[in-house]
Amino acid sequence: MNRSVEDMKTTLDVVCGKWKAVLLLELVEKPLRFSEIKKVIPRIPHQTLIKHLKELEMDGLLNRKESKDVPPKVEYSLTPYGYELEPLLHEMEKWGKTHRTRSEETIAN
């Protein structure tokens, strides 16, 4: 593989789990607690959410902040490194909207 292909593969490995980009896009707006993430992305399976949060934290894209309250509250936010993905995430969202509209028009015709 040449270097540019390897770089693209690395990016896709980090941000393109089925729900990772959606999760990151939600966290661009504001930090969220685990229960809030489940509310804004209700279709994400519980175990998948846990797995993605751990992977994104290990990749340095997320901060995990646990409160000392009882019961403890865990809040997730993007790191400065995670915020570097914001333009890419918005472009992916924009392309998805265009593609969905195009697909719906094709089906309608």
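**Notes on the salt bridges and the sheet**

1. By salt bridge I mean a side-chain nitrogen of Lys or Arg within 4 Å of a carboxyl oxygen of Asp or Glu. (Buried is under 20% relative accessible area, exposed is over 50%, and partly exposed lies in between, using a 1.4 Å probe and protein chains only.)

2. Before going on, a word on provenance: this is a predicted model, where local features need pLDDT of at least 70, side-chain atom pairs count only at pLDDT 80 or more, and totals for chains, interfaces and linings use all residues. Numbering runs from 1 along each chain as its sequence is written, and side-chain values use heavy atoms, leaving out hydrogens and water.

3. The salt-bridge count comes to 4 under that rule. One of them joins Lys20 to Glu55, with the closest N and O atoms 2.8 Å apart. This pair ties together distant parts of the chain, 35 residues apart: Lys20 belongs to helix α2 (residues 20-29) and Glu55 to helix α4 (residues 46-58). Helices here are DSSP runs of H or I with at least four residues, strands are runs of E with at least two, and both are numbered from the N terminus.

4. Have a look at the surroundings of that pair. Lys20 counts as buried at 5% relative accessibility, while Glu55 is partly exposed at 23%. Salt bridges also link Lys20, Lys51 and Glu55 into a network.

5. Now the strands. β2 (residues 62-66) pairs with β3 in the antiparallel sense over 5 bridges; pairing takes at least two DSSP bridges between the strands. Across this pairing, Lys65 stands opposite Glu75 of β3. β1 (residues 32-33) also runs antiparallel to β3, joined to it by 2 bridges, and Leu32 has Tyr76 in β3 as its bridge partner.

6. As for β3 itself (residues 74-78), the strand is mostly covered, with 4 of its 5 residues buried.

7. One more salt bridge to check is Glu66 with Arg64, where the closest N and O atoms are 3.0 Å apart. Glu66 is partly exposed at 45%, and Arg64 is likewise partly exposed, at 39% relative accessibility. As background, side chains in a regular strand alternate between the two faces of the sheet.
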